[in-house]
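User: Could you take me on a close look at the nonpolar core of this model, and at how the helices around it pack? I would enjoy one connected walk-through.

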Amino acid sequence: MKKFACYIHVPFCYHKCIYCDFYSIIKHDGINDYLVSLYKEIDFYAEKYNKDYSIGTIFFGGGTPSILEPKLLGDIINYLFKKFHSTFEPEITIEANPGTLNKDKLTEIKNIGVNRLSIGVQSFENDDLRYLTRIHTAEQAKEMIFAAKEVGFNNINLDLIFNLPKQTKEKWEYNLKEAISLPINHISCYSLIVEPGTILNKQILDGKIKINDEDYDADLYERTIEFLTEKEFIQYEVSNFAKKGYQCEHNKYYWEYNDYLGLGPSAHSFMDGIRWNNFTALNFYTSAINKNLHAVMSSEKLTDKQKTEEFVLMGLRSTGINIRRLELINNEWLNKNKRLLRIMEKDGYLKMEGYKISLTSKGFPLCDEILLLFEY
């Protein structure tokens, strides 16, 4: 029986952060309609897939999933297990904003079966947090991480953003030092990306702020790799670092090009070589569920060329390309790119060991540029 990663998008937030382009809404009067539709969607896909698939991981993303009461989250988890097989204790992650947590709530979240927390800290500088319009302080973030450890969470990730406006290299290194001083075993470090339609994008267009250039961004990223590697965090994906044994199993499903099922508004799925995405707006999502029992807005069956491109991309962004699996998709790719691979290996950008091709620390910052060089 094959396994899939299950992602549940919870779109509710207290407010919209200036850099965020994920689908989220600040009105909460639609929670009940959302939950009713979500259960119908689970029923639809259970009927379709439960004979051939079991649940590998569950991930609540958003939005801010920690806005929901733990009992509601627990009911969703139990319903998924009722409808799908699971032969072992899967990794169950919830994204959480420190400003929505307290020790009692953390205890409840632990008791419903969640065994991994991903805490959106973003910065340990209060000036940065105010600029990003986060609802927590650096002190609250630290307090909640210690509280999570105290109530029994042994698998904790925190998110940080680098290359913020006016962020010096010293300030970014301060953030990294603060992070590793906490009882966490996974760090996700993302460069600030300016997405169209965000408040941040408008500020830049209006000339109110200026983002540092790509060279400065690259310097911060390279220092991140160097610093965290020295502290025994393994880089297993472009933006993700973990202590040994604490890589995020859910995200590995994406990076290793395995099946995943997305539930909720704006969620994306990839099952049996078919990709689809749900309607984004909550009212469109619920209307579609009421009409069709699913909320698919568009779908496509991937060609072998698309599969090859995505498999190579995902592999190089993470722990490497599994050559044996790649040959099942496209047995010509290796021959087409053999000369280029040898040149990049000689120049220190990647390494070829056994049946795996992976980027080095020198190659990771140039991942996107390297991908453009290959022939598919």
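Analyst: Happy to. Contact here means heavy atoms within 4.5 Å. Please keep in mind that this is a predicted model. With that contact cut-off, L158 touches I119, V121, F124, I145, A179, L182, I184, H186, I187 and S188, leaving aside residues up to four places away in sequence. L158 is also one of the residues with the most contacts inside the largest nonpolar core, along with I8, F60, L80 and F84. That core has 104 residues, and helix α1 (residues 31-49) gives the most to it, with eight residues. A second, separate core has ten residues, including C20, I161, L192 and L200.

Let's follow α1 to one of its partners. The axes of α1 and helix α10 (residues 282-292) come within 9 Å and cross at roughly 45°, which makes α1 oblique to α10. The crossing of these two helices, α1 and α10, is left-handed. On the α1 side, D33, Y34, S37, L38, K40, E41 and F44 take part, and they meet L282, Y285, T286, I289, N290 and N292 of α10. Sorted by class, this contact of α1 with α10 has six nonpolar, four polar and three charged residues.

Another pair to look at is helix α6 (residues 169-180) with helix α8 (residues 214-230), which pack at an angle of about 30° with axes 11 Å apart. Angles under 35 degrees count as roughly parallel, so α6 and α8 are roughly parallel to each other. Their crossing, α6 with α8, is right-handed. The α6 residues in the contact are K169, W172, E173, L176, K177 and I180, and those of α8 are Y216, D219, L220, R223, T224, F227 and L228. By class, the contact of α6 with α8 has seven nonpolar, one polar and five charged residues.

Note on methods:
Residues numbered from 1 in each chain as written. Predicted model: local features only at pLDDT ≥ 70, side-chain atom pairs only at ≥ 80, totals over all residues. Heavy atoms only, no water. Core = buried A, V, L, I, M, F, W, Y, C linked by side-chain atoms within 4.5 Å. Buried < 20%, exposed > 50% of the residue type's maximum accessible area, 1.4 Å probe, protein only. Helix = DSSP H or I, 4+ residues; strand = E, 2+ residues; numbered from the N terminus. Axes fitted to C-alpha atoms, helices over the stretch in contact; angles between N-to-C directions. Parallel < 35°, antiparallel > 145°, perpendicular 65-115°, else oblique. Left-handed = near helix turned anticlockwise from the far one by under 90°. Nonpolar A, V, L, I, M, F, W, Y, C, P; charged D, E, K, R; others polar.
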